[in-house]
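Please keep the sequence and the model in view while reading.

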Amino acid sequence: MAISNFTNLKTAIANYLNRDDLTSYIADFISLAESRINNELRVREMEVVDTSTTTVSGTQGYDLPTGFIEAKYVIYRSDPYSILQYKAPFDFLKDYNTSVSAGKPSYFTIVGGQILLGVKPDSAVTLEIGHFKKVTALSDSNATNDILTNYPDIYLYSALAESAPFLMQDERLDVWAKLYKEALKIANTSSENGRTASQTLQMSADVVV
């Protein structure tokens, strides 16, 4: 049976567990699995570009995009564009406190649910945030997503790993966890390798960004 949607994922989990009395619990195993996936999986299918934030003169902090997990890059889309560098919160707040005048930011950090820019912007400019986004949770009304489509084994084994403590099957936990970790490693490695060319790229001397 192909594991391509929420319904047959639940069926596959029940089959692997050889249980027909877990209908009301399997969705919880999947939900817990999605939390684990969000924490550990980093593949291209989770990458998005958000341009919904426009800076406000004198305002340093902006809400992160919905579902934000981890930043890949941040661009201040001035003319010319400026790629912002990350600073750890302690160093950032030490260098870019409220006494620093506004201008064109060169750095960013993330504190809580906000991205902070240093220095504070002095004009309205689009902020481009490339980031990893949480997977769209599976449910009866959302039967599939890109992760289930491309990595069904990750969903299956992570949900099975979440089931073991509930079912008090300690002897199965290592089995499911090992299979999940192997699937996770393959997915992350494959996605990372897919970012590079199979041969050396030749670039012209003049590159305009």
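In helix H1, the residues Phe 6, Asn 8, Leu 9, Ala 12, Ile 13, Ala 14 and Leu 17 are buried, and these buried residues pack against helix H2 (23-40), helix H4 (146-150) and helix H5 (152-167). The model described here is a predicted one, with a mean pLDDT of 91 for the chain and 93% of its residues at 70 or more. An exception is the stretch of residues 203-209, over which pLDDT stays under 50 and for which the model has zero contacts beyond four places in sequence.

Helix H1 itself covers residues 6-17, and its 12 residues reach 17 Å from the first C-alpha to the last, close to the 16 Å expected at 1.5 Å a residue. At the start of H1, a side-chain oxygen of Asn 5 comes to within 3.1 Å of the backbone nitrogen of Thr 7. Just after H1 comes Asn 18, which has a positive phi of about 55° although it is not a glycine. Asn 18 is placed in the loop between H1 and H2, and with a relative accessibility of 69% it counts as exposed.

Helix H6 can be described in a similar way. Its 24 residues should span 34 Å at 1.5 Å a residue, and the end C-alpha atoms are 35 Å apart, which agrees. Trp 176, Tyr 180, Ala 183, Leu 184, Ala 187 and Ser 191 are the buried residues of H6, and what covers them includes H1, H2 and H5. One of the residues in H6 (residues 170-193) is Lys 178, which counts as exposed at 55% relative accessibility. Between Lys 178 and Ala 12 there are 18 Å in space, C-alpha to C-alpha, while the two are 166 residues apart in sequence.

Is Ser 163 buried or exposed? Ser 163, which lies in helix H5, has a relative accessible area of 0% and is therefore buried. When its neighbours within four places in sequence are left aside, Ser 163 is in contact with Leu 17 and Phe 29. Phe 29 also belongs, together with Tyr 25 and Phe 166, to one aromatic cluster.

The aromatic pairs of the model number six. In one of them, the rings of Phe 92 and Tyr 96 have centres 5.2 Å apart and planes at 45°, so this pair is tilted. Both Phe 92 and Tyr 96 are buried, and for Tyr 96 the relative accessibility is 13%. Tyr 96 also forms an aromatic pair with Tyr 107, again described as tilted, with 5.9 Å from centre to centre and 35° between the planes. Because Tyr 96 lies in the loop between helix H3 (89-95) and strand E6 (107-111) while Tyr 107 lies in strand E6, the pair ties together parts that are 11 residues apart in sequence.

| Charged residue | Ring | Distance to the ring centre |
|---|---|---|
| Arg 36 | Tyr 180 | 5.3 Å |
| Lys 87 | Tyr 107 | 4.6 Å |

Which atoms does the side chain of Thr 55 reach? This residue, Thr 55, is found in the loop between strand E1 (47-54) and strand E2 (61-63), and with a relative accessible area of 1% it is buried. Its side chain reaches the backbone nitrogen of Val 125 at 2.8 Å, and a polar atom of that side chain lies 2.8 Å from the backbone oxygen of Ser 123. Not counting residues up to four places away in sequence, Thr 55 touches Tyr 62, Tyr 76, Leu 117, Pro 121, Ser 123, Ala 124 and Val 125.

Terms used: Residues numbered from 1 in each chain as written. Predicted model: local features only at pLDDT ≥ 70, side-chain atom pairs only at ≥ 80, totals over all residues. Heavy atoms only, no water. pLDDT = per-residue confidence, 0-100. Contact = heavy atoms within 4.5 Å. Phe/Tyr/Trp six-rings, centres within 6.5 Å; stacked < 30°, edge-to-face > 60°. Buried < 20%, exposed > 50% of the residue type's maximum accessible area, 1.4 Å probe, protein only. Helix = DSSP H or I, 4+ residues; strand = E, 2+ residues; numbered from the N terminus. Lys NZ or Arg CZ within 6 Å of the ring centre and 35° of its normal. Expected span 1.5 Å × (residues − 1). Polar contact = N/O pair within 3.5 Å; in protein donor to acceptor, adjacent residues only side chain to side chain.
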